[in-house]
Amino acid sequence: MKKYFLSFLLLSAGLLATAQTPDLRNDGPEVTEQYSAKVKVFPNPATNLVNILGLKNTARAAIEIFDIYGNTVSAYHWAIRRNAVNIPISSLEPGAYIVSIVSEQQRIRIKFYKK
């Protein structure tokens, strides 16, 4: 009896934890695998400017650059035209960075390196 009660308790706790976990897939616009494969970053490694191609055009996109520790080092709000954006990085230290681009149409994270 004790074994069945313990099994029931563990099963209930698991279901409760699953029910309370937020569904991160519905947090906003998503990038499908098919679309994200078309996004390109160049030059990589870069020195002064990073070009990102294959984006969806939008009037306003939040663009953030994070270092490898997750700290925001730059943030912009720009329009994306001609399916591309050019981001100045001359003030960044050499190393690895992640660019996050969020708009109503897309949510993309891309890694690049600064020489």
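Guide: Two strands pair if DSSP finds at least two bridges between them. Strands are DSSP runs of E with at least two residues, numbered from the N terminus. This is a predicted model, in which local features need pLDDT of at least 70, side-chain atom pairs count only at pLDDT 80 or more, and totals for chains, interfaces and linings use all residues. Residues are numbered from 1 along each chain as its sequence is written, and side-chain values use heavy atoms, with hydrogens and water left out.

The open sheet has three strands in the order β1-β2-β5, with antiparallel pairing. At its edges are β1 (40-42) and β5, each of which pairs on one side only. On average, neighbouring strands of the sheet are turned by 20 degrees against each other, direction ignored; the axes behind such angles are lines fitted to C-alpha atoms, and angles run from 0 to 180 degrees between N-to-C directions.

Between β1 and β2 there are three bridges. Valine 41 has isoleucine 52 in β2 as its bridge partner. Isoleucine 52 also touches Asn83, Ala84, Val85 and Ile87, among others, leaving aside residues up to four places away in sequence; contact means heavy atoms within 4.5 Å.

Ile52 also belongs to the largest nonpolar core, which has 20 residues; Ile52, Ile101 and Phe112 touch the most other members. Such a core is a set of buried Ala, Val, Leu, Ile, Met, Phe, Trp, Tyr and Cys residues joined through side-chain atoms within 4.5 Å, where buried means under 20% relative accessible area (1.4 Å probe, protein chains only). Among the elements giving two or more residues to this core are β2 (49-53) and β5 (84-88).

Conventions
Buried < 20%, exposed > 50% of the residue type's maximum accessible area, 1.4 Å probe, protein only. Helix = DSSP H or I, 4+ residues; strand = E, 2+ residues; numbered from the N terminus.
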